[in-house]
Amino acid sequence: MARGVIARYRDFLPVTEATPHITIGEGDTPLVAAPKLAQVIGCRELYFKLEGCNPTGSFKDRGMVLAVAKAVEEGRRSIICASTGNTSASAAAFGARCGLDTFVVVPRGNIALGKLAQALMYGARVLAIDGSFDEALNIVRAITEQHPVALVNSINPYRLEGQKTAAFEVVDELGDAPDYLCIPVGNAGNISAYWKGFCEYHQRGRAARRPRLLGFQAEGAAPIVRGHAVPNPQTVATAIRIGNPASWQLAVQARDESGGLIDMVSDAEILEAYRLMASVEGIFGEPASAAPFAGLRKLVRERRAGLDLSGARIVCVVTGSGLKDPTTAMDVAPGYSILPPTLDAVEAAMGW
Ligand code: AN7
């Protein structure tokens, strides 16, 4: 039976006797070796951490289970978040599970179809604004200052506490931290959570060392790389279409303490990596989840100084499932054959 991250890692989490034991099967996601793409990069070992295998199809479930458990523990009846999509799906699922009213504020027209379908099916109240994620987050923050509704964005510290369990799993699986951990950066919570997890495991003697973190933003939404907020962020990777990340400072700290970097990749590079991962290794992440592999390719192409990838063991975090965004998949995928229902036609199309 699925234990979930609260039961599995409770010694490392801020849980008490009063914290409800909720789970919908989050965590314990596969770490999959990718030998062919390791050759493309020229590294010793490359792994993908499949966070799309979480119950709502993204890493958000790890932090949401704890944020919602704590909201229930505190007697809250409703939760709210701003979201580019995945946070809303996850909040809606755990909100449903706990009988809470869930409100999600999303940028209209810039949320992938699968995520919107999830939020609606789980029964959340979806409030779509004609604005950006950053505007949605400002509105949600103001609402939670005035009304008794729990904020479950990653400014809620329990979110990062839950998300750090992914770093624990990587170490538990590999026996130690990898040399590099590559991750997309949007609101910058996840890179901060991984760093917290690696540091805590190191302090408690579970890992001999800590990895260098390589974070990647999309070029049109790269405030941390550019050093200033981006007022009108644009990218095909709608999950990370964020111009003023809430955990900006924590992410910079994680980057610097780990000796890593935060760089950016173009939409074309993201889409090429997205197709390669699926067609070469059978790993179908959503576009934002292809940013780390796209970024690795860029670093190799540019022969970036100070990085020795050739002897390295590298983990890329595939933060969300490719099924989240069927629209982008159909836009970039190769075509297919439409045929009469005859043996001859199908054979001929197969080239026989
Ligand atoms: C697939 O759902 O911000 O840097 O509102 O869905 O921790 O924000 C999603 C972010 C990467 C970036 N990959 O993580 C939201 C939201 C996927 C994501 C990120 C997101 P953060």
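This is a predicted model: local features need pLDDT of at least 70, side-chain atom pairs count only at pLDDT 80 or more; totals for chains, interfaces and linings use all residues.
Q: How are two packed helices described, and at what angle do H9 and H11 pack?

A: Two packed helices are described by the angle between their axes and by how far apart those axes are. Here helix H9 (residues 189-203) packs on helix H11 (residues 248-258) at about 45 degrees, with the axes 8 Å apart. That angle makes H9 oblique to H11. The crossing of H9 and H11 is left-handed.

Q: Is helix H8 enclosed or open, and why?

A: Look at burial residue by residue; buried means under 20% relative accessible area. In H8 (residues 165-174), eight of the ten residues are buried, so the helix is largely enclosed by the rest of the structure. Among them are Phe168, Val170, Val171 and Leu174, and also Glu169. After H8 comes glycine 175, with a positive phi near 90 degrees.

Q: Which residues other than glycine have a positive phi?

A: Aspartate 28 is one of them, with phi near 55 degrees. Aspartate 28 sits in the loop between helix H1 and strand S1, and is exposed at 55% relative accessible area. Arginine 303 is another case, with phi of about 45 degrees. Arginine 303 lies in the loop between helix H13 and strand S10 and is exposed too, at 74%.

Q: How many salt bridges are there?

A: Count a side-chain nitrogen of Lys or Arg within 4 Å of a carboxyl oxygen of Asp or Glu, and the total comes to 22 salt bridges. Take glutamate 45 and arginine 313, whose closest N and O atoms are 2.8 Å apart. This pair links distant parts of the chain, strand S2 and strand S10, 268 residues apart. Both glutamate 45 and arginine 313 are buried.

Q: What does helix H13 contribute through lysine 298 and arginine 301?

A: Lysine 298 meets aspartate 263 in a salt bridge (3.2 Å, N to O). Arginine 301 bridges to glutamate 269 at 2.7 Å, linking H13 to helix H12. Arginine 301 is exposed at 53%, whereas glutamate 269 counts as buried at 18%.

Q: Which residues make a nonpolar surface patch?

A: Leu339, Val346, Met350 and Trp352 make one of about 470 Å². Tryptophan 352 lies in the segment after helix H15 and is exposed, with a relative accessible area of 74%.

Technical notes:
Residues are numbered from 1 along each chain as its sequence is written. Side-chain values use heavy atoms; hydrogens and water are left out. Patches are made of residues with over 30% relative accessible area and no salt bridge: like charges are joined within 9 Å, nonpolar side chains (Val, Leu, Ile, Met, Phe, Trp, Tyr) within 5 Å. Accessible areas come from the Shrake-Rupley method with a 1.4 Å probe; for residues, only the protein chains shown count as cover. Helices (H or I, at least four residues) and strands (E, at least two) are DSSP runs, numbered from the N terminus. Buried means under 20% relative accessible area, exposed over 50%, partly exposed in between (1.4 Å probe, protein chains only). Axes are lines fitted to C-alpha atoms, for helices over the stretch in contact, and angles run from 0 to 180 degrees between N-to-C directions. Angles under 35 degrees count as roughly parallel, over 145 as roughly antiparallel, 65 to 115 as roughly perpendicular and the rest as oblique. A crossing is left-handed if the near helix is turned anticlockwise from the far one by less than a right angle, and right-handed if clockwise.
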